[in-house]
Amino acid sequence: CVHTVSNAVRDYTIQHDRVHPDKVVTIPNGVDTERIAQHFDPEFRSRHGLRNASHLIVDVGSIKPVKGYEDLVRAADLVRRQFPQAVFVIAGPVQNIPYFAQLQSLIQSLGLEHNVKFLGNVDPVYPLLHASDIFCHLSLTDGLSNAMLEAMATGLPCVISRVGGNPEVVEEGQSAFVVPPSDHVQAADRLLALLSDQALRQRMGARSRQIIEETFTAEHMVRRFVALYDQLLHAKEECK
């Protein structure tokens with residue numbers, strides 16, 4: 001049996017790795033909602049120099065090209081024209097130094113030094129998510145983003161790229177806006193819609209949290225794995 005975290009990865013495994021469909025099982029990742037809820041820090045913005053931000057748009061992940069951060073920076077450039085005090089925060093370790101240098105050059109060329117901040121590795125990341133207003137993840141590829149699941153669990157509306165298994169989790173227009181990869185213009189448009197409407201942010205964020213609690217908790221994931229193991233052990237016994 002081959003385990004995949006999303007149907008998109010399952011399809012890839014079947015098509016490219018030539019694994020028989022009957023042997024490929026999708027069990028999505030789950031997150032610990034109780035642990036996430038416990039890590040709330042009302043002083044997070046102040047302690048990280050973000051007190052003056054009108055809104056925080058957050059992404060979490062290692063700094064490397066596949067994450068599409070240049071699209072996030074270009075979206076920030078469009079957003080700040082209407083929300084000059086909005087800050088885009090990226091939390092994650094630098095894994096590709098030349099790429100990080102390119103991002104810094106792009107930020108400087110667009111005059112976004114006050115609108116885009118790299119916080120490095122933030123552990124635990126949950127206080128940052130609780131302090132934010134929107135989660136924006138414009139990755140060029142993904143299996144299933146744990147960062148997105150954790151952001152949804154904190155009640156954040158999401159703007160994500162249509163890659164991997166991420167669109168399988170959200171509900172377009174209800175908990176998230178899904179945009180084509182590498183389309184920073186459409187991403188900015190969806191961000192502006194959320195920033196302009198607090199009630200919309202709250203409604204979509206509440207639906208995000210509900211989706212996680214109903215389907216994508218760690219408990220749900222464990223139950224699915226236990227059921228799979230029981231099924232495999234039962235099949236093995238029948239073969240004896």
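This is a predicted model: local features need pLDDT of at least 70, side-chain atom pairs count only at pLDDT 80 or more; totals for chains, interfaces and linings use all residues.
Local features require pLDDT of at least 70 and side-chain atom pairs pLDDT 80 or more, whereas totals for chains, interfaces and linings use all residues. Residues are numbered from 1 along each chain as its sequence is written, and side-chain values use heavy atoms, without hydrogens and water.

**View 1. Strand 8 and its pairing with strand 7.** Strand 7 (residues 158-161) and strand 8 run parallel and are joined by four bridges; strands pair if DSSP finds at least two bridges between them. V159 lies opposite F177 of strand 8. Within strand 8 (residues 176-179), A176 and V178 point one way, F177 and V179 point the other way, and all are buried (under 20% relative accessible area, 1.4 Å probe, protein chains only). Strands are DSSP runs of E with at least two residues, and helices are runs of H or I with at least four.

**View 2. Packing of helix 9 against helix 10.** The axes of helix 9 (residues 184-195) and helix 10 (residues 198-215) lie 6 Å apart, at an angle of about 105°. Helix 9 is therefore roughly perpendicular to helix 10 (65 to 115 degrees). A193, L194 and L195 of helix 9 meet Q198, L200, R201 and M204 of helix 10, contact being heavy atoms within 4.5 Å. Five residues of this contact are nonpolar, one is polar and one is charged.

**View 3. Crossing of helix 7 and helix 10.** The axes of helix 7 (residues 146-153) and helix 10 cross at roughly 115° and come within 7 Å. The two helices, helix 7 and helix 10, are therefore roughly perpendicular to each other. L149, M152 and A153 in helix 7 meet S208, R209, I211 and I212 in helix 10.

Note on methods
Buried means under 20% relative accessible area, exposed over 50%, partly exposed in between (1.4 Å probe, protein chains only). Axes are lines fitted to C-alpha atoms, for helices over the stretch in contact, and angles run from 0 to 180 degrees between N-to-C directions. Angles under 35 degrees count as roughly parallel, over 145 as roughly antiparallel, 65 to 115 as roughly perpendicular and the rest as oblique. Ala, Val, Leu, Ile, Met, Phe, Trp, Tyr, Cys and Pro count as nonpolar, Asp, Glu, Lys and Arg as charged, and the others, Gly among them, as polar.
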